[in-house]
Amino acid sequence: MLFHALKKGRFWITPDPYHKDDNIQIGREVKISCQVEAVPSEELTFSWFKNGRPLRSSERMVITQTDPDVSPGTTNLDIIDLKFTDFGTYTCVASLKGGGISDISIDVNISSSTEEIQNEP
């Protein structure tokens with residue numbers, strides 16, 4: 001019997017608003033990356049949602065899956081030219097095509113509190 005497993009979900013944001021002195025700003029590009037450990041990795045699929053609604057890849061929201069040899073089990077959501085309307089909760093859902101394993105859901109909140117608003121005098 002083939003062993004199926006899905007575990008250890010994690011995410012990171014580029015630029016990283018939590019660890020570096022690099023803030024998320026309107027008009028900039030923001031990348032949300034989501035990674036899980038999956039066995040077998042070739043059966044891994046990802047879905048992205050914003051505020052519970054399915055996201056599709058578009059000119060401003062580019063969804064990619066990283067080369068398994070470089071960074072296995074990783075998907076990226078690139079938000080080009082961030083707008084206020086892009087603020088919200090993004091959810092990355094990892095699942096195995098074979099089924100029988102609970103999906104892993106990772107929520108990432110992009111909001112004005114993640115962003116530092118600087119007022120020009």
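Is Cys34 buried or exposed, and what is its relative accessible area? Cys34 is buried, at a relative accessible area of 1%, where buried denotes under 20% relative accessible area, exposed over 50%, and partly exposed in between (1.4 Å probe, protein chains only).

The views below show a predicted model, in which local features need pLDDT of at least 70, side-chain atom pairs count only at pLDDT 80 or more, and totals for chains, interfaces and linings use all residues. Residues are numbered from 1 along each chain as its sequence is written, and side-chain values use heavy atoms, with hydrogens and water left out.

**View 1. The open sheet comprises four strands in the order β4-β3-β7-β8, with antiparallel pairing.** Strands (E, at least two residues) are DSSP runs, numbered from the N terminus; two strands pair if DSSP finds at least two bridges between them. Strands β4 (53-54) and β8 (104-110) stand at the edges with a single partner strand each, so one side of each has no neighbour in the sheet. Strands of a sheet pair through backbone hydrogen bonds, either parallel or antiparallel.

**View 2. Strand β7 (residues 88-96) is joined to β8 by seven bridges in the antiparallel sense.** Thr89 stands opposite Asn109 in β8, and Cys92 has Ile106 of β8 as its bridge partner. Strand β3 (residues 44-50) also pairs with β7, antiparallel and over seven bridges; here Leu44 has Leu96 in β7 as its bridge partner. Eight of the nine residues of β7 are buried, so the strand is largely enclosed by the rest of the structure.

**View 3. Cys34 and Cys92 form a disulfide with their sulfur atoms 2.1 Å apart.** A disulfide is assigned to a pair of cysteine sulfur atoms within 2.5 Å, and by this rule the count comes to one. Cys34 lies in strand β2 (residues 30-39) and Cys92 in strand β7, so the pair ties together parts that are 58 residues apart in sequence. The torsion about the S-S bond of Cys34 and Cys92 is about -70 degrees, so the disulfide is left-handed. Cys92 is buried, with a relative accessible area of 1%.

**View 4. One aromatic pair is found in a search of the whole structure.** The rings of Phe84 and Phe87 have centres 5.7 Å apart and planes at 80 degrees, so the pair is edge-to-face. Rings of Phe, Tyr and Trp (its six-membered ring) pair if their centres lie within 6.5 Å; planes under 30 degrees apart count as stacked, over 60 as edge-to-face and the rest as tilted. Phe84 is exposed, with a relative accessible area of 54%, whereas Phe87 is buried, at 17%.
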